[in-house]
Amino acid sequence: MSGILIAALLTGCGGPAGTDSDLTDDWGGLPPAQQFVPQTGVCHPLADRVGYLTSYAPMDCGKTHKAETLYVGQFPAEHANRPTPPAVDSAALRAVFPDCDARAQEFVGADWRGARLTVQVVPPSPAGWAGGSRWYRCDIFVLSAIDTAREYPADHNGSLRGALRQPSPLSYGCLDADRWGSLWPRACDQTHHFEYVGTWTAPLTSLAVLDDDPGRAHRSCRSVIARYVGVPDDGMMRYRTGTAYRTPSEEAWARGDRGVRCFLYFGDRVLTRSLKGGGAAALPIR
């Protein structure tokens, strides 16, 4: 069930061999070999999970693309001596995900989880790693939909730098479901049934464990809602609101994302405004 929106209503109430030494004395020393390092501030036609040099085709972000590199770092020493590059579900890749996470938040101007975005760490290819490359790319891309079990990169034009520093069509905000059950943003003054309230950081456990205990996620999201609306975070929250949440996709979870997105949800009740900061008047006990 990873990635699917899960809802719950409120409760009622050196030179070559043989080179002549005189010749080498006459030639200047060769420059040291330069390792390939990807660029930052460029975009890519595909959201690659591995940084193969043969498919590296950086492009202007003003053109239609799938992913953008916002930062390039170096694996720390404890993970740099392994014989092969870290896989997507490895401890080494998860170890650098928080760096990409924090840099992505700074890059877009807010928590990227509050928008139709995701962040991934891209390691070098096996050949690159064997040749000494120890970099990792922090890439960000737009998701084609909000609540799917897999990540499908959407086409995008323009850089995502600062994209969430002002109102953005990528932000979740208020939402409604289409006939297939997928959520799409709506203006808060239009009829809607969901509102994004923030993120709960799930414990470092398996995604299956989280999927098997939806009650924990709903309870945690009620706490996020309480802070968002401005009401007491107590046992009465279950009588104020229903909840919905979306876990990270399996791919995102494997690379270290533990952010569970939380939503207000009222079932048949229709909303026509945001409940942010509305207090008890906006979210009364029912």
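Analyst: Let's begin with a pair of strand residues: Ala7 has Ala244 in E9 as its bridge partner. Keep in mind that this is a predicted model.

User: OK, which strand pairs with E9 there, and how many bridges join them?
Analyst: That's strand E1, residues 5-8, and four bridges join E1 to E9. The two run antiparallel.

User: What about E10, how many bridges join E9 to that one?
Analyst: Five bridges join E9 to strand E10, which covers residues 259-265, and these strands run antiparallel too. As an example, Gly242 stands opposite Tyr265 in E10.

User: How many residues of E9 are buried?
Analyst: Five of the five, so strand E9 (residues 242-246) is largely enclosed by the rest of the structure.

User: And which residues sit on each side of E9?
Analyst: Gly242, Ala244 and Arg246 are on one side, with Thr243 and Tyr245 on the other. Those residues are all buried, so both faces of E9 are covered.

User: Switching topic: how many disulfides are there?
Analyst: The count comes to four disulfides. A disulfide is a covalent bond between the sulfur atoms of two cysteines.

User: What's the pairing if I number the bonded cysteines in sequence order?
Analyst: You get 1-2, 3-4, 5-6, 7-8.

User: Which cysteine is Cys43 joined to?
Analyst: Cys43 is joined to Cys61, with an S to S distance of 2.0 Å. They're 18 residues apart and link distant parts of the chain: Cys43 is in strand E2 (residues 42-44), while Cys61 is in the loop between E2 and strand E3 (67-74).

User: Is that disulfide right-handed or left-handed?
Analyst: The torsion about the S-S bond of Cys43 and Cys61 is about 100 degrees, so the disulfide is right-handed.

User: Are Cys43 and Cys61 buried or exposed?
Analyst: Cys43 has 0% relative accessibility, so Cys43 counts as buried. Cys61 is at 8%, so Cys61 counts as buried as well. The cut-off for buried is under 20%.

User: Got it. What does Cys100 form a disulfide with?
Analyst: With Cys138, and their sulfur atoms are 2.0 Å apart. This pair also links distant parts of the chain, with Cys100 in helix H3 (residues 91-108) and Cys138 in strand E5 (residues 135-142), 38 residues apart. Here the torsion about the S-S bond is about -75 degrees, so the disulfide is left-handed. Both Cys100 and Cys138 are buried.

User: And where are Cys174 and Cys188?
Analyst: Cys174 is in strand E6 (residues 174-177), and Cys188 is in the loop between strand E7 (183-186) and strand E8 (194-201). A disulfide joins them, and with 95 degrees about the S-S bond the link is right-handed. Cys174 is buried, with a relative accessible area of 1%, whereas Cys188 is partly exposed at 26%.

User: One more thing. Where's Glu195, and is it buried or exposed?
Analyst: Glu195 is in strand E8, and Glu195 is buried.

User: What does the side chain of Glu195 make a polar contact with?
Analyst: The side chain of Ser274, at 2.5 Å. Leaving aside neighbours within four places in sequence, the residues in contact with Glu195 include Cys174, Tyr228, Cys262 and Arg273.

How values were computed
Residues are numbered from 1 along each chain as its sequence is written. This is a predicted model: local features need pLDDT of at least 70, side-chain atom pairs count only at pLDDT 80 or more; totals for chains, interfaces and linings use all residues. Side-chain values use heavy atoms; hydrogens and water are left out. A disulfide is a pair of cysteine sulfur atoms within 2.5 Å. Buried means under 20% relative accessible area, exposed over 50%, partly exposed in between (1.4 Å probe, protein chains only). Two strands pair if DSSP finds at least two bridges between them. Lys and Arg count as positive and Asp and Glu as negative; His and the chain ends are not counted. A salt bridge is a side-chain nitrogen of Lys or Arg within 4 Å of a carboxyl oxygen of Asp or Glu. A polar contact is a pair of N or O atoms within 3.5 Å; within protein, one must be able to donate a hydrogen and the other to accept it, and residues adjacent in sequence count only if both atoms are side-chain atoms. Contact means heavy atoms within 4.5 Å.
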